[in-house]
Every structure is written in structure tokens, then in C-alpha cells.
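The structure I worked from is shown here.

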Amino acid sequence: MAEHTFFESGDVKVTNARFISGSQTFAMSNVTSVKAFEQRPKRFWGILLLIIGLVIAVSDQAVGLAISAGAVLILYMQKTVYHVMLSTSGGETSALNTHQQEYLHKVVAALNEAIVHRG
């Protein structure tokens, strides 16, 4: 049976025989299921730092605003990470990480197509 490509972008490739993600290659014959997983950043410390900065700004405006600006920058830089989770006989593994939700859904859809095509 010829190898059929379902998705290819950069260093990620999904065929009916394998899934290549960077330097990792997974045999599609070992993959039993695929799911998307969303990991939201923990923002507690950034929010706490922002509150502290605003409280300090009441007595020392320059220092408080500098701390608050740093906290806002920290909160802005935190991004949600999306994972492609593969289930195999050896367990579940995160095969691909990205900050782009639409890209992740395209890869998951291609992996599901590859599983169905495999039969």
C-alpha cells in the first residue's frame, strides 16, 4: 500500500503509516486514539504582582507603576499551549505542542483521517 499524506507543514507530517513531529516519528499502526489538550497558563503570580504594584503605587507612584507594568508584561507574554495527545499501547504521550489552536485542530483532524484510512 502506498503511503498517503494527509497533512504536511514544516517539520510536521501525517501519513497513513507515520506521524512525524520534529525529530519524533510515531508509527500510525501503534496509535489507538488522538485528542487535543489545552493547557492554560497559570496567572496567579502575575495577578498577585499586579495587585501589589497597584497597592505600592498609592505611596510610591514610580515604583508601583514599574512593578505593575512588569506584571502586565508577564501576563501578556503567557500563552495557552495546545498539545496533540496520542494514545498507544505504551500509554499517552504529548506528540506536538503549539500556541496555534487552528493549526493543532488541522493536525488532529489529519491524524484521525489517517487512523480511519488505516482501517
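**Helix pair.** I first listed which residues bring the two helices together: Gly46, Ile47, Leu49, Leu50, Gly53, Leu54, Ile56, Ala57 and Ser59 in α1 meet Gln61, Val63, Gly64, Leu65, Ile67, Ser68, Ala71, Val72, Ile74 and Leu75 in α2, where contact means heavy atoms within 4.5 Å. Sorted by type, the residues of this contact are 13 nonpolar, six polar and no charged, with Ala, Val, Leu, Ile, Met, Phe, Trp, Tyr, Cys and Pro counted as nonpolar, Asp, Glu, Lys and Arg as charged, and the others, Gly among them, as polar.

This is a predicted model, in which local features need pLDDT of at least 70 and side-chain atom pairs count only at pLDDT 80 or more, while totals for chains, interfaces and linings use all residues. I noted too that residues are numbered from 1 along each chain as its sequence is written, and that side-chain values use heavy atoms, with hydrogens and water left out.

For the geometry, I found that α1 (residues 44-59) and α2 (residues 61-77) pack at an angle of about 165°, with their axes 7 Å apart; axes are lines fitted to C-alpha atoms, for helices over the stretch in contact, and angles run from 0 to 180 degrees between N-to-C directions. The two helices are therefore roughly antiparallel to each other, a label given to angles over 145 degrees. Helices here are DSSP runs of H or I with at least four residues, and strands are runs of E with at least two, numbered from the N terminus.

**Val58.** Val58 and Glu38 are 20 residues apart in sequence, yet 38 Å apart in space, C-alpha to C-alpha.

I then followed Glu38 to its bridge partner, which is Tyr82 in β6. β5 and β6 run antiparallel and are joined by eight bridges, and two strands pair if DSSP finds at least two bridges between them. The open sheet has three strands in the order β5-β6-β7, with antiparallel pairing. β5 (31-39) and β7 (91-98) stand at the edges with a single partner strand each, so one side of each lacks a neighbour in the sheet. From one strand to the next, the twist averages 25°. Helix α3 (residues 101-118) packs on this sheet and touches β5, β6 and β7.

Within β6 (residues 81-88) I also looked up Ser87, which counts as buried at 16% relative accessibility. Leaving aside neighbours within four places in sequence, Ser87 is in contact with Asn30, Val31, Thr32, Ser33 and Glu92.

**Four-stranded sheet.** A further open sheet has four strands in the order β1-β2-β3-β4, with antiparallel pairing. Its edges are β1 (5-9) and β4 (24-27), each with a single partner strand. I noted that α3 packs on this sheet as well, touching β1, β2 (12-15) and β3.

Phe19 in β3 is the bridge partner of Val14, and Phe19 also stands opposite Phe26 in β4. β2 and β3 form a hairpin with two residues between them. The hairpin of β3 and β4 has two residues between the strands, and Gly22 in its turn has a positive phi of about 65°.

Notes
Parallel < 35°, antiparallel > 145°, perpendicular 65-115°, else oblique. Buried < 20%, exposed > 50% of the residue type's maximum accessible area, 1.4 Å probe, protein only.
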